[in-house]
Amino acid sequence: MTGTTNDSTVLKAIADLAPMWMPGCVVDTAERTVEVGWGRGALQMSAVVGLGEIIDRCRQLPQQLWAEQIEAWLRAVVAEGELATEEHRFGDVAVRQRAMLLQRGWSARTSGPVADALIPFGDHFEVVVFIGTGADYRRLTVVRRSMLGLGDPDVPSPVQLTLEHISDLRPVEHDGFSVLSRDDDPLVSMAIVDREKLLPQASIGLGVLVGVPRLSSVAFCAADAGQQIADRLAQYVADTYRDAPDQCSPDLYWLQGDRMVQVPVTLAKPPAVMLPAALLPSPRRTWVRHLWQQLFRR
């Protein structure tokens, strides 16, 4: 039955089928691993890869679909090995790791037979790890991460490497709100992760309203800036997201410390933000925010 299959049943299927597609591969059912090889001519390499991922996938599928899944996964693992070998030609792979903030579910929608290396980030986003190769970023998979030894304790964190890369970003005022951006830099979205340095207002008072319409752009304003500025921010996010080559999210969020919730925006033209009651203006809140802005600008 789907979702209740015993692991040993899947392991036996892998052990029976794998040598048919990959002559020479060795399945260790006790250790739940498979050794696969790749290479050309005299240059031959191999790696031992855990079977946990493909076992979990098969357990969620009817048994008649296992063979197709197992073959696709094994072939993808070999391709990952070839890619790992190639990546070493461009220098130290560990220091070329980078992370991008993407909409939750992006990896599941776009990944192949092998899972991406990622870190969940709240209910709305996920942090996906990439390897910088020349001018391109190539997504890192769990399998290749292991092959390259990037899970070792002394390897630099892709998140920290990325935050160092964007640490020089400075907000630009735009129609009552602020924008962090850099052309053709898909790492700017990670400013949300480094909010203490790049979005310090997020931890002050009621926090910020923020949008990440592009990987290269983050827009925000004080959460209690009022209806007009919130609406202008929503319009900017919608316009910037539309037809962008590096789309991230068309939505608006309320970020306060470690808490992030989506704020509804109507589909009217122009859009209108449905502010939570806590963000609706009051005389005292408006006065306090004005005072803080004056102090903050000094």
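For this tour, a residue counts as buried when its relative accessible area is under 20%. Keep in mind that you are looking at a predicted model.

**Colour by confidence.** The mean pLDDT of the protein is 89, with 91% of its residues at 70 or more. Look for strand β10 (residues 208–214), where confidence is highest at a mean of 97, and then for helix α9 (residues 283–296), where it is lowest at 51.

**Select residues 125–133.** This is strand β6, and nine of its nine residues are buried. Show the side chains next. In a regular strand they alternate between the two faces of the sheet. Here, one side carries Phe-125, Val-127, Val-129, Ile-131 and Thr-133, the other carries Glu-126, Val-128, Phe-130 and Gly-132, and both faces are covered.

You now have strand β4, which runs antiparallel to β6 and is joined to it by seven bridges. To find one of the contacts, pick Leu-101: its bridge partner in β6 is Val-127.

Leu-118 has Val-128 as its bridge partner. The two strands form a hairpin with three residues between them, and Gly-122 in that turn has a positive phi of about 70°.

**Finish with residues 136–139.** Strand β7 pairs with β6 in the antiparallel sense over four bridges, and Arg-138 in β7 stands opposite Ile-131. Zoom in on the turn of this hairpin: two residues lie between β6 and β7, and Gly-134 there has a positive phi of about 65°.

Definitions and conventions
Residues numbered from 1 in each chain as written. Predicted model: local features only at pLDDT ≥ 70, side-chain atom pairs only at ≥ 80, totals over all residues. Heavy atoms only, no water. pLDDT = per-residue confidence, 0-100. Buried < 20%, exposed > 50% of the residue type's maximum accessible area, 1.4 Å probe, protein only. Pairing = 2+ DSSP bridges.
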